[in-house]
Amino acid sequence: MIGFGCGSVLGRFGRRDSLRALHSAYDRGIRYFDVARSYGFGEAETLLGGFLRGRRRSEVCLTTKFGILPPRHRLLLRMLKPIARKALSIAPVPRDRLKSTVVRVAPVSTGNFDVVTARRSLEQSLAALQTDYVDFYLLHSCQPEDLNDDELFAFLDECVERGLVRHIGVSYEGFDLERLLPLSRSGLKLIQVPLDVRDHRRVDLLNAQEAAVVTHSPFGGGPVPARILEFATASEERKRSWSDRLGIDVSAPGTIGKLMLSHAIEFNLRGVVLCSMHSESHLGQNVECAESRQFSEEVLLGFRELVDEYSHQVEKVDAAPALLRADR
Ligand SMILES: NC(=O)c1ccc[n+]([C@@H]2O[C@H](COP(=O)([O-])OP(=O)(O)OC[C@H]3O[C@@H](n4cnc5c(N)ncnc54)[C@H](OP(=O)(O)O)[C@@H]3O)[C@@H](O)[C@H]2O)c1
């Protein structure tokens, strides 16, 4: 199953485009939405809540997160965002450079997993999302040590008892999943991690979890399908060998993206794969991909091996995903 990641809502995309994407995702049957207190510089939850108002709450699965505080000076940022988006549409800059600029201009505070923040954040999330409960409440990009905080977990358990939160979970960005697993707290029902075809060595570890697994960033945050395509089609010979190996034309528009998403879905069949997808074409393609499961496991394993070759030669790593994380 795929879910709609709100990481770009009111960030990379403005109000009109974000609402259009939410409408389109909902109309195509997507019912899992992932957001966080910090997304959209603290405003994404409000937009999502407004969008969901009037829709049947019980049909939607809502995940939000706490621990990363939105930047201050929100009013100033609200004025600056449209100007920045306009400038970027005229002179685009690479995604990683854009991210580091945003972090400099609007720094966020991370690792805030104290009870006071958790309580305030949940109150703000529920108000912004216009709901009585969230389905999953996650520690946003936590460290393994954060799971040892008894006071925090007593508070979170109480939120579950009061019906404000259905389930508690964690999102973890580190590659060294072994440090986090097995989840030391039986109350944790969901683990959310980045995973794309370059990271495939973690698949078995994740599939062995009792907690639900949500993977995000199947396109490596965005730039990776184009890079793989460039590599795969760098010469006629390589294009032919990749295409012959998989039995499909890898240069056909959208094929690498479909393969990447299909890989993420195929190896997390019980869970959810979160994508950011604001363009109509991506949204349509991703929904179709999730519904059709058009590639066999054999093709996806073949793709994985070809991507290892790409990782080794272009990213100069032996499919060691810890080093690939600069993309995110
Ligand atoms: N700590 C955490 O829990 C955490 C961290 C990061 C992300 N997330 C969640 O995961 C979601 C996705 O993460 P992400 O945005 O980093 O990664 P992503 O989904 O891998 O990348 C999104 C980028 O890929 C493009 N894209 C979408 N479909 C495509 C396709 N079929 N082919 C090629 N490109 C495609 C999107 O373009 P358009 O948008 O222009 O269509 C966008 O530029 C976030 O929105 C957020 O909800 C959670």
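## Close-up views of a predicted model

**View 1. The shell around the ligand draws on several elements.** Helix α11 (255–266), strand β8 (272–275) and helix α12 (280–292) each contribute at least two residues to the shell around the ligand. Helices here are DSSP runs of H or I with at least four residues, strands are runs of E with at least two, and both are numbered from the N terminus. This is a predicted model: local features need pLDDT of at least 70, side-chain atom pairs count only at pLDDT 80 or more, and totals for chains, interfaces and linings use all residues. To find your way along the chain, note that residues are numbered from 1 as the sequence is written. Which element gives the largest share of the shell? That is α12, with 3 residues. There are 29 residues around the ligand, and G5, G7, H216, G257 and S276 come nearest. A residue is near a molecule or strand if its C-beta atom, placed from the backbone, lies within 6 Å of it. By class, the shell has 8 nonpolar, 19 polar and 2 charged residues. Ala, Val, Leu, Ile, Met, Phe, Trp, Tyr, Cys and Pro count as nonpolar, Asp, Glu, Lys and Arg as charged, and the others, Gly among them, as polar.

**View 2. Helix α9 meets helix α11.** Helix α9 (residues 224–232) packs on α11 at an angle of about 120°, and their axes are 9 Å apart. The axes are lines fitted to C-alpha atoms, for helices over the stretch in contact, with angles running from 0 to 180 degrees between N-to-C directions. The two helices are therefore oblique to each other; angles under 35 degrees count as roughly parallel, over 145 as roughly antiparallel, 65 to 115 as roughly perpendicular and the rest as oblique. In this pair, α9 passes α11 in a right-handed crossing. A crossing is right-handed if the near helix is turned clockwise from the far one by less than a right angle, and left-handed if anticlockwise. Look for P225, I228 and L229 of α9, which make the contact with I256, G257 and M260 of α11. Two residues are in contact if their C-beta atoms, placed from the backbone, lie within 7 Å. The residues of this contact divide into 5 nonpolar, 1 polar and no charged.

**View 3. Helix α6 lies alongside helix α7.** Here α6 (residues 115–129) and α7 (residues 150–161) pack at about 25°, with axes 9 Å apart. They are therefore roughly parallel to each other, and α6 passes α7 in a right-handed crossing. From α6, the contact uses V115, A118, R119 and L122, while α7 brings E151, L152, F155, L156 and C159. The classes are 7 nonpolar, no polar and 2 charged residues.

View 4. The axes of α1 (residues 15–27) and α3 (residues 44–52) come within 11 Å and cross at roughly 45°. This pair is therefore oblique, with α1 passing α3 in a right-handed crossing. R15, S18, L19 and L22 in α1 meet L47, L48 and F51 in α3. That contact has 5 nonpolar, 1 polar and 1 charged residues. L10 belongs to the loop between β1 (2–5) and α1. Its phi is near 60°, a positive value in a residue other than glycine. Is L10 buried or exposed? L10 counts as buried because it has 24 C-beta neighbours inside 10 Å. The cut-offs are 20 or more other C-beta atoms within 10 Å for buried, 12 or fewer for exposed, and in between for partly exposed, with C-beta atoms placed from the backbone.

**View 5. V214 in strand β7.** V214 has its place in β7 (residues 212–216). With 26 C-beta neighbours inside 10 Å, V214 counts as buried. Leaving aside neighbours within four places in sequence, V214 is in contact with L190, Q192, G271, V272 and L274. V214 and L195 are 19 residues apart in sequence, and 9.2 Å apart in space from C-alpha to C-alpha.

View 6. R293 lies in the loop between α12 and α13 (297–313). It has a positive phi of about 40° although it is not a glycine. With 13 C-beta neighbours inside 10 Å, R293 counts as partly exposed.
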